[in-house]
Amino acid sequence: MSNPRITFIGAGNMAASLIGGLRGQGIAAESIRASDPGSEQRARLATEHGIEVFADNAQALAGAEVVVLAVKPQVMQTVCRELAAHLGAEALIVSIAAGISCASLERWLGEGARGPRPIVRCMPNTPSLLRQGVSGLYANAQVSSAQKQQAEQLLSAVGLALWLQDEGLIDAVTAVSGSGPAYFFLLMEAMTAAGERLGLPRETAAQLTAHTALGAARMACESDVEPSELRRRVTSPNGTTEAAIKAFQAGGFEQLVQQALDAAAKRSAELAEQLGQ
């Protein structure tokens, strides 16, 4: 990133993670500002990252080339309408708020130098707090190639950033990766409880489960073969793994996963419609 001046509107956990990631990439503290109504959040960011912080959004926006909207979706409309008069004419807007469409942001923020403002909508997930996240990104037609690179580097500071060609796919990203960590936590809860019922001490069952999940994820990420092949390699005929897999499949595991993701995607679309009004 060519050290653009970046302002974060909202200084919650995700914003703090992005700021920490940028600082870790070597972005100067002088290039980053943040605003938040909470004095504790402001003090934490100033102390941990050495950046300038503000209680007033308009002050924080002065000279900003990239503006990251990191406020709660429920207050986004109010915040955007307040920001509109203070934004630079060509500033890139990056929204990490769930359920807020580019069309809604365009409407609330007003026009820039050449019509609708350049907006990148992102769907990060909570492992971004550990810089192990994944984000789906969508850019409206006003975003330049250089601005796409800026947005990608911003989100890459906390993990993997993947571009989408269709904004409607944000709902699918929400279902797969946005909500996805909770699915794995649910499986880990169930495995830990099952291990405990099999006689393991709870702490031992929890550690076995968590580190198995970590190891399996790393194998999937670092391997050049599909997860189905990795599964096949550890599933010996008539062995213990096959017995467990057959039990999962007999209970309709794949169909249940599809139903769950369908429900999450549908709810994501519903929330986008409600919040964008």
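Biologist: Leaving aside neighbours within four places in sequence, what is methionine 14 in contact with?
Modeller: Methionine 14 is in contact with Ile96, Pro124, Asn125, Thr126, Ser128 and Leu129. Contact here means heavy atoms within 4.5 Å. Keep in mind that this is a predicted model, where local features need pLDDT of at least 70, side-chain atom pairs count only at pLDDT 80 or more, and totals for chains, interfaces and linings use all residues. Residues are numbered from 1 along each chain as its sequence is written, and side-chain values use heavy atoms, with hydrogens and water left out.

Biologist: OK, and where does methionine 14 sit?
Modeller: Methionine 14 is in helix 1, residues 13–24. Helices are DSSP runs (H or I, at least four residues), strands are too (E, at least two), and both are numbered from the N terminus.

Biologist: Is methionine 14 buried or exposed?
Modeller: Methionine 14 counts as buried, because its relative accessibility is 19%. Buried means under 20% relative accessible area, exposed means over 50%, and partly exposed is in between (1.4 Å probe, protein chains only).

Biologist: How many residues apart along the chain are methionine 14 and leucine 129?
Modeller: They are 115 residues apart along the chain, yet their C-alpha atoms are separated by 6.3 Å.

Biologist: Switching to helix 8: which residues are buried there?
Modeller: Gly180, Pro181, Thr192 and Gly195 are buried in helix 8. They cover an arc of only 110° around the axis, so they lie on the same side of helix 8. That arc is taken from the directions from the helix axis to the C-beta atoms.

Biologist: And what's on the other side of helix 8?
Modeller: Leu186, Glu189 and Arg197 are there, and they are exposed.

Biologist: What covers the buried residues of helix 8?
Modeller: The cover includes helix 7 (170–178) and helix 9 (202–222).

Biologist: How do the axes of helix 8 and helix 9 cross?
Modeller: Their axes come within 8 Å and cross at roughly 140°. Axes are lines fitted to C-alpha atoms, for helices over the stretch in contact, with angles from 0 to 180 degrees between N-to-C directions. The two helices are therefore oblique to each other. Angles under 35 degrees count as roughly parallel, over 145 as roughly antiparallel, 65 to 115 as roughly perpendicular, and the rest as oblique.

Biologist: Last one: how many helices and strands does the protein chain have?
Modeller: The protein chain has 12 helices and 10 strands. Buried residues make up 39% of its 277 residues, and its C-alpha trace spans about 65 × 35 × 35 Å along its principal axes.
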